[in-house]
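Hello,

Here is the structure I promised to pass on to you. Please open it beside this message, and then read on for what turned up.

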Amino acid sequence: RDERVGAQVPRVETEVPRVQGAEGMRGPELLVSGLAPGTGSEADIAKIQERLAEVLNAGQDRLYDERVPEASKPMTERVKVTVNTLYRRRTMFEQYANDIQGLTGLGAFAALTYVQKVIQKRQPVWGDLLMIVMQSRPIEVEVSLTRAARETLSAPIDTEEWIWFRDNLLSTYVWFSQSRMPGFEHQKAHLYERLVDIAQEKIKEQALLADALRFPELEDVPSAAFIPGGINELRQDHRTVGNFAAIKPQLLGSTENVQFYDLNVYLNQLLCISKVVDSQFQDYMHSVFAPMKDEIVFESGPPKNLARSRAKAQTDYVDCAWPTTAHLVDLIRCSITFDSAADLKRGLGMLLRSAGMKSGVKEDGSVILQEDCWDPESKITVARIKNGFSSGKKGYRDIKVNVIFRSDQGFAMIGEVALVLAKLRDYKEATHELYEILRERDFFSQVVDEMQLHHPEAQDLV
């Protein structure tokens with residue numbers, strides 16, 4: 001705590017709740033003990049910042065710093081944990097902010113400049129300190145955060161810088177704070193909304209380059225579903241695939257149990273099968289395109305992990321029939337990149353012919369789909385063709401072919417084969433991290449809605 005020069009002001013002891021089970025950890029109270037009385041000189045500020053660096057760097061293994069739950073957890077659990085953490089720690093952040101502010105404000109200024117420095121230098125950021133400083137200097141912190149976001153997300157995105165941003169800033173609770181910037185404070189906008197705006201802005205910048213690329217020769221490839229029952233039956237538990245849930249939802253009782261089974265038991269069943277069949281799937285697909293090996297880039301997509309699979313099911317398929325994770329038809333996947341539209345068409349023809357669709361494909365790759373295309377006896381069966389070029393879509397486009405792959409062990413699984421043009425692949429790679437931010441939008445929104453519904457007294461935080 002800093003005191004005015006010459007003033008005999010006793011230190012005010014505040015009872016700050018310690019986190020249960022955190023014995024041996026060093027918390028934000030060390031910041032307070034490190035703020036010595038001072039005059040506000042540059043030497044005093046430097047001394048305080050030196051103390052901050054000592055606490056944060058030397059004691060990283062003992063600092064208690066809660067982070068936003070990872071996407072590997074079910075959405076409802078992530079939201080619940082986040083809301084409880086925000087509400088539980090709100091008072092703590094306010095108390096420490098007051099302690100650091102002190103009587104002269106020297107401590108708050110020193111903490112702010114320290115935070116600004118570590119962000120600018122892309123050094124490790126203590127999330128709790130960020131939240132504490134946000135209480136007293138919200139505009140300055142917001143400026144530093146949005147500047148770092150713009151710099152990190154500007155093309156070309158540097159991988160190491162993105163990892164730093166994701167692990168040190170994106171994972172903190174600061175994005176649930178309301179914006180205090182002029183023009184935003186009256187809209188009750190949150191920092192995560194500003195982050196989403198930045199990501200969308202950067203996507204549009206990249207899209208302008210991709211939009212100018214036109215490929216009319218690919219627009220005549222029809223999109224169609226061949227799996228019996230049509231597009232709504234494109235599921236891993238389709239009768240021709242056979243990956244059924246072992247328990248009916250009626251037997252599971254509560255909605256919570258039904259969701260738990262879907263996102264934990266059944267999803268892990270699918271992920272296990274994907275790991276078993278993936279190597280055979282990749283080998284088979286590689287052999288299909290082997291005649292073009294000198295003209296293409298074949299990439300095996302690793303099986304989707306639990307976190308990404310859960311997140312996709314909870315955002316893209318939340319309103320679909322149970323189990324929602326049965327709609328994940330890209331757990332095994334590969335991509336083939338072609339230099340030209342003509343080569344892509346030729347590759348598509350090779351893939352369809354390997355699935356027994358001879359009557360619908362000409363030698364030049366032209367596709368005329370017919371009713372006799374469904375061949376359940378092939379090693380692979382085409383379940384759907386989705387042509388991104390024929391829908392008038394802008395930005396990244398490709399042709400995705402979902403196939404039912406049958407392994408030597410008797411397993412079957414729907415996988416995805418993406419046929420990509422090299423010119424558009426550059427756009428996809430440039431926007432991958434940006435879409436990772438957009439995928440978290442629903443999570444952030446649900447947390448704010450739940451906080452406002454159940455803890456309206458905490459409006460100053462969210």
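Below is a short tour, from the whole chain down to single residues.

First, please keep in mind that this is a predicted model. The protein has 462 residues, and 50% of them are buried. Its secondary structure comes to 13 helices and six strands. Of the contacts with a separation of 6 or more, 73% join residues 24 or more positions apart. The protein exposes about 21900 Å², with carbon and sulfur atoms supplying 51% of that area.

The six strands form an open sheet in the order 1-4-5-6-3-2, and the pairing is mixed. Strand 1 (224–225) and strand 2 are the edge strands, each pairing on one side only.

Strand 3 (residues 333–338) pairs with strand 2 in the antiparallel sense, over six bridges. Within that pairing, V297 stands opposite T337, and E299 has S335 as its bridge partner. Strand 3 also pairs with strand 6, this time in the parallel sense and again over six bridges; here R333 stands opposite E416. Is strand 3 enclosed or open? Five of its six residues are buried, so strand 3 is largely enclosed by the rest of the structure.

Two helices to look at here are helix 9 and helix 11. Helix 9 packs on the sheet and touches strand 2, strand 3, strand 4 (380–387), strand 5 (399–406) and strand 6 (412–421). The direction of helix 9 makes about 50° with that of strand 6. Helix 11 (residues 341–354) lies across strand 3, strand 4, strand 5 and strand 6, and runs at about 160° to strand 6.

**The cores**

Which residues have the most contacts inside the largest nonpolar core? They are I119, F165, L169, W175 and V417, in a core of 112 residues. Helix 9 (residues 255–288) gives this core its largest share, twelve residues. Apart from that core lies another, of eight residues, including I227, V241, V329 and A412.

Leaving aside residues up to four places away in sequence, I119 touches V125, L130, S144, L145, A148, W164 and L169. One of these, L130, is also among the buried residues of helix 5. Helix 5 (residues 127–136) is mostly covered, with eight of its ten residues buried. Besides L130, the buried residues there are G127, D128, L129, M131, I132, V133 and M134.

**The start of helix 10**

N305 lies in the loop between strand 2 (296–301) and helix 10. What does N305 do at the N-terminal end of helix 10? N305 caps that end, with a side-chain oxygen 3.3 Å from the backbone nitrogen of A307. A polar atom of the N305 side chain also lies 2.7 Å from the backbone nitrogen of R308. N305 itself is partly exposed, because its relative accessible area is 46%, which falls between the 20% limit for buried and the 50% limit for exposed. N305 and L331 are 26 residues apart along the chain, and their C-alpha atoms are separated by 8.4 Å.

Further along, the buried residues of helix 10 (residues 306–316) are S309, R310, A311, K312, A313 and Q314. These buried residues pack against helix 3 (75–101) and helix 9.

Enjoy exploring, and do write back with any questions.

Best wishes

Conventions:
Residues numbered from 1 in each chain as written. Predicted model: local features only at pLDDT ≥ 70, side-chain atom pairs only at ≥ 80, totals over all residues. Heavy atoms only, no water. Core = buried A, V, L, I, M, F, W, Y, C linked by side-chain atoms within 4.5 Å. Buried < 20%, exposed > 50% of the residue type's maximum accessible area, 1.4 Å probe, protein only. Helix = DSSP H or I, 4+ residues; strand = E, 2+ residues; numbered from the N terminus. Contact = heavy atoms within 4.5 Å. Polar contact = N/O pair within 3.5 Å; in protein donor to acceptor, adjacent residues only side chain to side chain. Pairing = 2+ DSSP bridges. Axes fitted to C-alpha atoms, helices over the stretch in contact; angles between N-to-C directions. Areas by Shrake-Rupley, 256 points an atom, 1.4 Å probe, with all protein chains shown as cover.
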